[in-house]
Amino acid sequence: MQLPQIINSLLENDMYKFSMGQCIYHQFSAYKTTWTFKCRNTDVFFTSEMVEEIKAQIRAYCDLRFTEEELAYLENVKWIKGSYVDFLRLWQPRYEDFEIGTEADCGLTIETKGSWLNTSMYEIPTLAIVNEVFFRMNYDYEKLYASFRERLADKLQKLVDGTYCLGNFSEFGLRRRLSAEAQELAVQELVGHNKDYKDSACIGTSNVYLAKKWNVTPVGTMAHEWIMCTGQGNHKHNPAYSNWYALDAWVKEYGILNGIALTDTITTDCFLKDFQLTYSTLFSGVRHDSGDPFAWGEKMIAHYESLGIDPKRKTLLFSDSLDFARADELRKAFRDRVTVAFGIGTYIANDTCEEPLNIVMKTTACNGMDVAKISDTPGKEMCKNADYVDYLTRCIRWRLEHDR
């Protein structure tokens, strides 16, 4: 490797990978998935040297194992069960699950294939490696890091002087961070200055390694893969009912614990068909990740009220491309009507003098067939088969029009 090792602990992953991982282990251990990398930036190119460095970094990641101290930390999370910790004691990433090449327009292709238990865990470390390799090898990194520190200091000052009043927010930037040291500095500074803020509090991070190190809450429940695979991985299921299968399996695992539901995998309108009184009561709140956040917030409040549920007892967690200004606006709009929280990623972990990468790694197949996300923002879906997207879209439309 040309660079220092980027991922140095298997805890260096987003918390929702562990919450989903436990459910996968207990209920879907036989499922197989394919994940595909995509760079959405049209002006980005990964050189052959970068690709070789990415391969070397992923090999190093695959040599890691959980330590007993890390496992003890996980077992102290109230919703993590000892049986899953015992599985993690034996678990290891497999480099053989990765296919890395140069065929794409951006110069980098990555695909992972294997058990859902394995491949789900690879997404976030892989994206973090790709990001850090690109920014360290394509730019003057020290200049980028200096601009990052300068902008972070400005963010802190605006929380202190009350320019932005966010209430509770968490750092969600691992997958698109500038570097490991940049993300750690952000978490350390944001949490360390909580006592100084006028009306804000950084209460956690999605990065479990940093949550453990800096004694803050590891934050995260479910991602789109959970709804896609539980709802579309069983080929006997009508995919328009994906949310019901996902919510049902989640409640079997956690009951009322760990309960923030993601709404937009096959559109929020379709989600609400299944998020009726039982699930709306059991889940503590919902997460926004696409579409107009203000319209979404109004829709969710109206939904809770239609069920006779006081929205003030529920949480709306906003996490779609947020910066502090947008979060401040959303809190002003909803703070007196519902509990508001934020997960803020790239704006915290990769705000520099250069544009951040817009890279993703998504599930594209489960159990040998296509899966897809149909979000509330047109164009965010990622699927290799346009016919399947059309089929899924028609299933959703039929249900919305006919299922009473």
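# A guided tour of a predicted model

Start by selecting the cysteines: the structure has zero disulfides, where a disulfide is a pair of cysteine sulfur atoms within 2.5 Å. Cys165 is in no disulfide, and the nearest cysteine sulfur, that of Cys202, is 15 Å away. A disulfide is a covalent bond between the sulfur atoms of two cysteines.

Before moving on, two notes about the model. It is predicted, so local features need pLDDT of at least 70 and side-chain atom pairs count only at pLDDT 80 or more, while totals for chains, interfaces and linings use all residues. Residues are numbered from 1 along each chain as its sequence is written, and side-chain values use heavy atoms, leaving out hydrogens and water.

Are they buried or exposed? Buried means under 20% relative accessible area, exposed over 50%, and partly exposed in between (1.4 Å probe, protein chains only). Cys165 is buried at 17%, and Cys202 is buried at 2%.

## Zoom out

Now show the whole chain. The C-alpha atoms fill a box of roughly 60 × 50 × 45 Å along the principal axes. The radius of gyration is 20 Å, which agrees with the value near 22 Å that a compact globule of 404 residues would have. This radius is taken over C-alpha atoms, and the globule rule is 2.2 Å times the number of residues to the power 0.38.

Of the 404 residues, 60% are buried.

Contact means heavy atoms within 4.5 Å. Among contacts between residues at least 6 apart in sequence, 79% join residues at least 24 apart.

## The open sheet

Switch to a cartoon view, where you can find 16 helices and 12 strands. Helices (H or I, at least four residues) and strands (E, at least two) are DSSP runs, numbered from the N terminus.

Which strands form the open sheet? Seven of them do, in the order β6-β5-β4-β10-β9-β8-β7, with parallel pairing. Two strands pair if DSSP finds at least two bridges between them. Strands of a sheet pair through backbone hydrogen bonds, either parallel or antiparallel.

Select 217-218 and 260-262 to see the edge strands, β6 and β7, each of which pairs on one side only. From β7, step to β8 (residues 285-288): the two strands pair in the parallel sense over three bridges. Here Ile260 stands opposite Gly285 in β8.

Next, select β4 (residues 167-171). Four of its five residues are buried, so β4 is largely enclosed by the rest of the structure. Five bridges join β4 to β5 (residues 200-205), and the two run parallel. Look for Glu171, whose bridge partner in β5 is Thr205.

## Aromatic rings

Now show the Phe, Tyr and Trp side chains. Their rings (for Trp, the six-membered ring) pair if the centres lie within 6.5 Å; planes under 30 degrees apart count as stacked, over 60 as edge-to-face and the rest as tilted. The whole structure holds 36 aromatic pairs.

One to select is Trp226 with Trp250: the ring centres are 5.4 Å apart and the planes are at 70 degrees, so the pair is edge-to-face. This pair links distant parts of the chain, with Trp226 in α9 (residues 224-232) and Trp250 in α10 (residues 242-254), 24 residues apart. Trp226 is buried at 0% relative accessibility, and Trp250 is buried at 0% as well.

Glu132 lies in helix α5 (residues 116-138) and is buried, at 5% relative accessibility. What does Glu132 touch? Not counting residues up to four places away in sequence, its contacts are Ile6, Arg177, Leu178, Ser179 and Ala180.

Most residues other than glycine have a negative phi, and most peptide bonds are trans. Thr267 has a positive phi, near 80 degrees. Find Thr267 in the loop between β7 and α11 (268-274), where it is buried at 16% relative accessible area.

Finish at Ser321, in the loop between β9 (315-318) and α14 (324-334). Ser321 has a positive phi of about 50 degrees although it is not a glycine, and it is exposed, with a relative accessible area of 69%.
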